[in-house]
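Me: Please set out the domains, contacts and helix packing of the structure shown here.

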Amino acid sequence: MTSIAQNAPGKTVLLMGNEAIARGAIEAGVKVCAAYPGNPSSEIVGVLARAAGELGLHVEWSVNEKVALEVAAAASFAGLRGLCTMKQNGLNVASDFLLNLNLTGTKGGLVLVVADDPSGVSSTNEQDSRIYAKLGDLPLLEPASFQEAKEMTRTAFEISEQLGLPVLIRSVTRVSHARGNVSLGEIPGSSAIPRFDTSRPRLAFPPVPNHKVLHEKLDKAREMFETSPFNLYRGPEKPELLVVTSGSGYMYSLEALVNLGLQERVGILKIGTSWPLPEKIVLENLRRADRILFVEEVDPFLENNVKETYAQNCFTLGLKSFFGKASKRVPEVGELNPEVVIHAIQKLVHVSYEPRPADYTERVREAALDLVPVRALGFCAGCPHRATYWAVKTALALDGRDGFVLGDIGCYGLGMGPSGFGQMKTIHAMGSGAGLACGFGQLDRFGLEQPIVAVCGDSTFYHAAMPALVNARYNGSNFLLLLLDNSATAMTGFQPHPGTGSTAIGETAPVVDLKAVCKAFGARVEVVDPFNVSATVEAILRLLEDKRGVRALILQRECALVSAKKQKRPYRVKVNQNRCLGESCGCNRLCTRIFKCPGLMWDTATGKARIDEAICTGCGVCAEICPASAIQKEVA
Amino acid sequence: MNKGLRGLEEKVIRQDLCAVCGACLSLCPYLRSWKGRVVKLDDCSLEEGRCFAYCPRTEVDLDSVYRRIFGKGYEEIEIGPFRKIMMARATDPRIIKKAQTGGVVSALFEFAFREGMIQAGVLTPRDEALLPEGKLIKNRVQIIGCAGSSYVSGPTLEALNRGPWKEKERIGIVGLPCQVLALARMRASKLEKKTPIDRVDLVIGLFCTWALEYKPFMAFLKERVNGLSIKKLNITPPPERILEVTAAHRLVRIPVDDIRSFIRASCRVCLDMTAELSDISVGTVEGKEGWNTVIVRTAIGENLLKRARRAGIIEARSLPKDNLKHLIEASLLKKRRALDMLKERGGIEKNYLNLSADLVERIVSASGDPKP
């Protein structure tokens, strides 16, 4: 039995925030869970997939977030509890459905968990998803701790059913990915048989009366939140400064006050039900102090909402000073940490505190140098994407028309850096590479002569690039789509997808064939193995020359990390030290200076290249690019 | 210290001065040719490189290069050093049928093979798309298939650098003026050599007024012959100067003036029409259809021609005075135009030639009259 599914009420277990959310859903009796992976949200449905068998759940990796939310909503319409999870970018994809679902309402509890990535550590953007709650008139909860992550999720299902609305839970990286003790609750027994009530159609139309009903539901939610245990005040009756915070900001604020020794002077109002704002609680606590500091991650959501409430009631509250992102007392962008909060509080209450020596960061960096090998942000050893970009770089240079690569979301996004030889020139949303290519591919009529190349991973293709390919065919756009088929959703942790032949819970699934899909859409399709560099270069050049409509080149080679788990390395690679030209004319370290696979090492003592046997995956690509045939591969 | 690939890129590639001779290719992973262009794939940080040293368009001291090949400096300014000038043609009808003009080049090359002067060679055939490519020749049968021209220069010397060559093979090469200059620079270079230049025993040079830019020229031809496959290209000698295109079974005649815009910028700064740095140079005789002009320059060239005549492979006559006069005039005209172009591009020294002011003056004021 997986630990997440154990029915052991009262037991305390160490859980990751995302596992706590999953456990909360289990304790709520969730039946249908659907998601598209994306950091920092992926583990929620990942662990639910592992527990699906024993708990009798339906858990799926959907092709994209919109479909995932629709799948979960269907369960809700039929009276079951449904969970949908995604990262912040995913909510943008799902938002079209979400902003109609709010009008049609729900039946079984429906919870949408969005994990935001402040600082965009593993994202292309930094986005505050809470704004969607306000936009869609939907209740929003923000967990601050692991226990609360579990409790809030469980409670969110109840709130959803009481209101007939989906409930949003907004997590952030440090809540989702940190671990802490969680006390388990009971797992309920079986639920009702699902049935869609045909006498109660779910129609957003007509919007105006439905919108009115939605506002009434929101008023009800506000009323419920006034007594929610997720909102609390800690501190003296009349603090010098009131910190208003939510989510991760609560833990940072607590830590800051302990470090500064200000627990008796500064109070904290923690809001767990961030939308609709529990106005009575807010007003009551604003009366405590005249100086208010907001601590929250990404946008001034709480800050602006509290200020709105204050403005409505300023005659009775009197003058107040507000500090936060608007006054730049708290950084407007980037992730928070206790130090940032300490810094902000310290300036407002005039205590001096040096949390760390001034050169602390520098010293940590220096100390780390001895412990950790210096490595650029780049592809793994033996990654097929490096070989792909090598071929792209070569082909575009030979072609000579200043062609460029429109990027997409996936590991291959690193193609913008040295690992991909700086080839990728745009990166936006899922499927945007192919979408932009649709547009660029129309500009030849105005004189654009540059060849257009879009890259897209297999999972990204199913997610959002397919419509772009259909559009290209229909509207007659000219471009080359490189489908980097590594048979994995690698960047988010190897979740299966429609092309992999297995489902989220590990069952065999029919393979949705990339090549057949592209063909059916009317694209000219070729398939090549990127490890065969010269064949790949030739294929790209050939397809660049042929300007008749959209061409797809499928670069088929399994992710090196997936391969390594299944089989031993295909080649044993070594460098013939006598042949290696090193830095002399004729080579000048092509392998370690330009190609830069981490499996290759430059030996400063001998002035020759070597193979790092511990890292080398034996793909043999470097043997093909070595100009002196010094790198040799033998079948292992 | 030369300036390595960075210098080559700055002074040659970006200035559109690359002649696509192939001397820098297959020596280096950062340079490759593709469809008539040499492409830089990545930056190289070396301060000194063979790419720069061998290039016929980087800074060059012609005096020292000529001294290395002929034992004397750049003195014979008209058509370069020579021992003999004549007109000749091959006697083998099989060769004449395939040849661009008189078949002398193919006949001499075959003869050098037959006589054991060379055991291998590099020639420049064209693929189906008329793109010239360097080809290793390991036996005589391969030679005749390489005859002809598409008036586009190709990276012949890439094949020399690439090989592979057997230990004892002596090599013969047929090359354009830019290519024979590159070969001479390879011979003269003090840099470490991994090229088999020391085993190149025979260099036959081809007269060349200019070569054309592959891609636009082919696009132009394709349109003019309605996409038919092209069998042969031939430019008739002056004064007519017509490009004859044999496409399928049609002959399309195009005035040379219509294709001048495709002349490579690199050819416009070239001083050499008669491939002066070769053992023997071969061109076309004006007004005598089926005859080649032959300039014998070295002892090797002289020996080859003598033996070939004796063996009856080559039929030779003296070149009429008028033809010699025209040849010298044409050669000097190319030199003067190149000097003008170099001046226009910012000065002779700044570009690549290390020629004394005295020599420049002699070229500018020389008459076309043959020396007594």
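Reply: Domain bounds come from an automatic or database domain assignment. This is a predicted model, in which local features need pLDDT of at least 70 and side-chain atom pairs count only at pLDDT 80 or more, while totals for chains, interfaces and linings use all residues. Residues are numbered from 1 along each chain as its sequence is written, and chains are lettered from A and ligands numbered from 1 in the order in which they are written.

Me: Which domains does the assignment of chain A give?
Reply: In chain A, domain 1 is made of two segments, 3-189 + 201-225. The others given are domain 2 (232-349), domain 3 (384-565) and domain 4 (568-635).

Me: Which element gives the most to the side of domain 1 of chain A that touches domain 3 of chain A?
Reply: Two residues are in contact if their C-beta atoms, placed from the backbone, lie within 7 Å; on that basis 18 residues of domain 1 of chain A meet 18 residues of domain 3 of chain A. Helices (H or I, at least four residues) and strands (E, at least two) are DSSP runs, numbered from the N terminus. Helix H2 (43-55), strand E3 (58-61) and helix H4 (88-104) of chain A each give two or more residues to this side of domain 1. The top contributor, with 5 residues, is H2(A).

Me: How far apart are the centres of domain 1 and domain 2 of chain B?
Reply: Chain B is assigned domain 1 (1-211 + 263-372) and domain 2 (214-257). Their contact takes 13 residues from domain 1 of chain B and 11 residues from domain 2 of chain B. Taken over C-alpha atoms, the separation of the two centres is 24 Å.

Me: Why do the buried residues of H3(B) line one face of the helix?
Reply: A residue is buried if 20 or more other C-beta atoms lie within 10 Å of its own, exposed if 12 or fewer, and partly exposed in between, with C-beta atoms placed from the backbone. In helix H3 (residues 62-70) of chain B, the buried residues are B:Leu62, B:Val65, B:Tyr66 and B:Ile69. The arc is that of the directions from the helix axis to the C-beta atoms. The buried residues line one face because, seen down the axis of H3(B), they fall within an arc of 95°.

Me: Which helix of chain A supplies the largest share of the side that touches chain B?
Reply: Between the chains, 11 residues of chain A are in contact with 15 residues of chain B. Helix H15 (384-399) and helix H21 (590-595) of chain A each supply at least two residues of chain A's side. The largest share, 3 residues, comes from H15(A).
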